[in-house]
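Hello,

Here is the structure we talked about. My notes on it follow below.

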Amino acid sequence: MLLILFFTAFTLAAILPTTHNFEGQLIVQEMSFIYAGDNSNKLFLNSIRHLNQISASGIQTMTLTGKFESKSYPQLNKLNTLTIELPKETSKWSLSPVNPQESSQIDLLELRLQPDTTVKRLSYNSYTNVNQLSLSLQPSVNQAEKTPANLLQLALGDKPLKLQLEDYRLPKLKTSLNNPNPFELEVIFKPDIQQLRLLLSQTTDLFIDLPDPKKTEPSQWLRGNLEVKDVQFYQIEQTGIDVKDELSNSTILEGKLRMAGQERNIEQNQFLITEEPGVKLLRNIQLHPQSPQGLEVRISGQTNRLQIGLDSRFPVATIQASWLDGILPRDAIIALISFSAAPFSYLLYWLVEQSVKSNQKS
């Protein structure tokens, strides 16, 4: 009976799933996640030099110092300090070199995240003469009260820049500019400050026109080792009419996943489904300008089952690991089960036979 109990426990330990570590390397069009680390001011974007343009939309206030020149509003020409209020989610500002043929002096020094910040729609796209990194930052509900704001720091250089504004307000001017102006304003701005610090305490969409990644070294632009939760490798297509009409589209282009000695490929438009806690760490994120074009992401986390399929409701491939997978290699488990099957069957047969003989004697 002890042998039977041992073989039964061994078989259950080899079959019943339990939580295991997993890792993977994916190329994706777009991704979203929540920064779950405890480290305030976590470095996310770092030292992207010679930006062709940087734009942001959302509610914000910024102050620029330098010389200003505007044909539409000549009163700006007399100022050396300009406070700009962007009062709406649709408000937008952008900075770019006046002469696009010259080398840009606009550098993104750093973008730092606060805990529980949601990074949505992080993506890299390449168009004709444009390489763009875009993302949306959504601070946590309590972030404005308890922690500092997300920080964007830029170096502006000393060459004239083109400043463009939409849905803006210029509170220091006693003109109609005090009201939100939906029309675009273009100002030539020659900065006298080397760096611009912007506190992003509200939801902010960033659009960064990068230098050609094939001619630079972009591997350190996005910093890794990010503790995360609620990682999404899909887009939700909304109609704006009924939540039931929403469609989820996978943004995965290709990749590989490994868990407990098992490996699976994941193909374009397939979903990755994990049990909780799921992806816990973004080990590395970098641009992948080659085909397929997107973001190359190395992930790791914990789950008791990885599922893959074109429809998240009907996965076609599964990696599932048992308690014994954490101790022995898969080949060894299969060999032990095969080796134990014959003695177990013989022992069970012998016990049944002895039981029958005992009944016949009685």
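A contact here means heavy atoms within 4.5 Å. By that rule, and leaving out residues up to four places away in sequence, Asp107 touches Ile48, Arg49, His50, Leu51, Gln153, Leu154 and Ala155. Asp107 belongs to strand β8 (residues 107–113); strands are DSSP runs of E, at least two residues long, numbered from the N terminus. Asp107 counts as buried because its relative accessibility is 12% (buried means under 20% relative accessible area, with a 1.4 Å probe and protein chains only).

The model is predicted: local features need pLDDT of at least 70, side-chain atom pairs count only at pLDDT 80 or more, and totals for chains, interfaces and linings use all residues. Residues are numbered from 1 along each chain as its sequence is written, and side-chain values use heavy atoms, with hydrogens and water left out.

Next, the aromatic rings. Rings of Phe, Tyr and Trp (its six-membered ring) pair if their centres lie within 6.5 Å; planes under 30 degrees apart count as stacked, over 60 as edge-to-face and the rest as tilted. There are two such pairs. Phe33 and Phe44 are edge-to-face, because their centres are 6.1 Å apart and their planes at 75°. Phe33 is in strand β2 (residues 30–35) and Phe44 in strand β3 (residues 42–48), eleven residues apart. Phe33 is buried at 1% relative accessibility, and Phe44 is buried at 0%.

Phe68 and Phe189 are stacked, at 5.1 Å centre to centre with 10° between the planes. Since Phe68 lies in strand β5 (residues 60–69) and Phe189 in strand β13 (residues 185–191), this pair ties together parts 121 residues apart in sequence. Both Phe68 and Phe189 are buried.

Regards

Conventions. Helix = DSSP H or I, 4+ residues; strand = E, 2+ residues; numbered from the N terminus. Buried < 20%, exposed > 50% of the residue type's maximum accessible area, 1.4 Å probe, protein only.
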